[in-house]
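Me: I would like to go through the terms used for this model and ask what each one rests on. Please show the sequence and structure before we start.

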Amino acid sequence: MSPSSQSTSSSAPTPQSALLTFPIDPFATLHSPSPLSNLPTELLRSLLAPLSRPSDLAACTLVNRAFRTAATPFLYEWAALRPWERGNRVKQFFESLQSNPELGRWVRKLEVRSYPIALPPTAANDLHALVLSTLPTLTHLRAVSWTRKGSLSTPVLLALARLPTLRELEINAGAEFDAHEAFSVEEEGEGMWESLEVLKLIMPEREVVGVLEEWLKVRGAQLRELLILAKDSPVITDAHLQSIAPHLPNLRSLSLGGLKHVTASGILPLLSSSPHFHTLALESLSLSAESFSALPPLPHLRALTVTHPPPRASGSSAATEAFHEALLELLARAQDLRCFTYYSSGAGERLPWMPDAVVERLLDSHGGRLEKFQVHHVLISERAVQLLSERALNLSDLVIHLRPLDLNALTPPLARLPNLQRLHLLSPPPAPLAELTDAELLPLALACPALAQIGWRSRVWKVSRQPPVPSSTGTGSTPSEALTDQQQRSTGLDGDEQGRKWEEVELEEDDEAFGAWKGGV
């Protein structure tokens, strides 16, 4: 799946995800009183809000009644059931809601990306009944991602459709449910999906596409965002997009990926139907330089994701240059671009390059505003990184793909980005560094003052900054000799300052961060 389909794309701190220990025991409390217990609940909630680890929040619920009251909403706010979770996690979560129905009101986002589908018939029916009995308790649910193939039934969709606060729906749109019933435009469809503003369809099949095309003609005016992702699929064509375009006048965000029969003829009516587009992702479509030249001006565009044309489309260097020129012309007409993502489906030695001149012209138009620059499976040069460090000082998210990757050369320019919070490094094999360790990445994390996450290929680390441990001399306990000469030079800090700051930074490998990159980049 492409990066734009993941929910990895915000510069704000990652919300607390309810990867919980179920259920919360209301009687499991510590017996020693705490002065913090006397604080007003709202103030206690403010103190707990920065906690990001579900385990920390779960521990807070065991302190006493006041802490449990303050921590429980954060703990259940985002319930994420993901593929690397234990197989019984789904059952545990819904059992916790069944035994404590009042917990359902705290759930704002539900992700079901893991679901046991190989259960014996009786166990499968029991789990399905459990899910159906608890979904109505999610009275304040705003977003659902139910993408586990084979797990989404018609009754589950109907239960979700009747939740009054549901704004966002992401589903694997296979033929496992009755689309005619779940997205009915007849009288029985009244009262369903009334608050829906965001619709995301993953791997849609032909029957579902036909039904949703008719549903969008009736309910499309309420949508603000539409995402359709497939894999080299012929199911959706220009004719489908032309048919629904007049019925989407309020669309602000459009993401299309893996639709091999979609061209500018289908995209143009959609972009012309609303003057307020701020997010656009066009990935693995049948687009050429001429296609981008035909798109209308998008003055409010804030985020753009595009794929490098495949070899059969780009062909010669002249065709690639024409594509870059058309892309830059489109971006030049945007007045407020903040996020730029560019990637290819290539691999190994055949990766395309993004010329320095293209990076420079992008920065000419948007360098002062750019917050995210993500380029992967498209190589850039060290000089391009230097340009970014000099002219895009508001960058918070950076993904760069280099050959070769030289950490010593990269550290000084990256250290000049004062707002850089998330960094991911990529390099195609064979690379001089077949694998990077946390010890090798630590000097880079040390040099970047705001860095909170750092990644290398499919591995990701959280960056923690702690006060140095005092020593008998009054300085940090770790001497500057703990760093090699090479590491000290790469950070740009002198020995005393290096030794003082070394204790402040730790790297901890994390499965949660950079979810978009965990698929093997």
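Reply: The model is a predicted one.

Me: Why does E325 count as partly exposed, and what about R361?

Reply: Partly exposed lies between the 20% limit for buried and the 50% limit for exposed. E325 has 31% relative accessibility and therefore counts as partly exposed. R361 has a relative accessible area of 36%, so R361 is also partly exposed.

Me: What makes α13 roughly parallel to α14?

Reply: The axes of α13 and α14 cross at roughly 10° and come within 10 Å. Angles under 35 degrees count as roughly parallel, so that is the term for α13 and α14. On the α13 side the contact is made by H324, E325, L328, L331 and A332, and on the α14 side by V358, R361, L362, S365 and H366. By class, the contact has 5 nonpolar, 3 polar and 2 charged residues.

Me: Which parts does the salt bridge of R422 and D397 tie together?

Reply: The side chains of R422 and D397 meet at 2.7 Å, N to O. R422 lies in strand β13 (residues 422-426) and D397 in strand β12 (residues 397-401), so the pair ties together parts 25 residues apart in sequence.

Me: How do you know whether R422 and D397 are buried or exposed?

Reply: Buried means under 20% relative accessible area. R422 has 8% and is therefore buried. D397 has 4%, so D397 is buried too.

Me: What does the salt bridge between R113 and E170 tie together?

Reply: In this salt bridge the closest N and O atoms of R113 and E170 are 3.2 Å apart. R113 lies in the loop between β2 (109-112) and α5 (121-134), and E170 in strand β4 (residues 168-172), so the pair ties together parts 57 residues apart in sequence. Both R113 and E170 are buried. R82, K109, E111, R113 and E170 are linked in a network of salt bridges. The count of salt bridges comes to 18.

Me: Why is S114 called buried, and which residues is S114 in contact with?

Reply: S114 has a relative accessible area of 14%, so S114 is buried under the 20% limit. The place of S114 is in the loop between β2 and α5. Leaving aside neighbours within four places in sequence, S114 is in contact with L81, R82, P83, V90 and R148.

Me: How do you know that S253 is buried?

Reply: The relative accessible area of S253 is 5%, which makes S253 buried. S253 lies in strand β7 (residues 253-259). Apart from neighbours within four places in sequence, S253 is in contact with R224, E225, L226, F277, H278 and T279.

Me: Which residues touch the most other members of the largest nonpolar core?

Reply: They are L160, F183, W193 and F373, in a core of 140 residues. Beyond neighbours within four places in sequence, the contacts of F183 include L157, L169, I171, F177 and W193. In soluble globular proteins, nonpolar side chains tend to be buried together.

Me: What makes the phi of M203 and that of R457 worth a remark?

Reply: Most residues other than glycine have a negative phi. Phi of M203 is near 50°, a positive value in a residue other than glycine. R457, also not a glycine, has a positive phi of about 50°. M203 is in the loop between β5 (198-202) and α8 (206-219), and R457 in the loop between β14 (453-456) and β15 (459-465). M203 has 41% relative accessibility and so counts as partly exposed, whereas R457, with a relative accessible area of 14%, is buried.

Me: Where is the cis peptide bond from R403 to P404?

Reply: P404 lies in the loop between β12 and α16 (407-415). The bond from R403 to P404 has omega near -5°.

Methods: Residues numbered from 1 in each chain as written. Predicted model: local features only at pLDDT ≥ 70, side-chain atom pairs only at ≥ 80, totals over all residues. Heavy atoms only, no water. Core = buried A, V, L, I, M, F, W, Y, C linked by side-chain atoms within 4.5 Å. Buried < 20%, exposed > 50% of the residue type's maximum accessible area, 1.4 Å probe, protein only. Contact = heavy atoms within 4.5 Å. Salt bridge = Lys/Arg side-chain N within 4 Å of Asp/Glu carboxyl O. Helix = DSSP H or I, 4+ residues; strand = E, 2+ residues; numbered from the N terminus. Axes fitted to C-alpha atoms, helices over the stretch in contact; angles between N-to-C directions. Parallel < 35°, antiparallel > 145°, perpendicular 65-115°, else oblique. Nonpolar A, V, L, I, M, F, W, Y, C, P; charged D, E, K, R; others polar.
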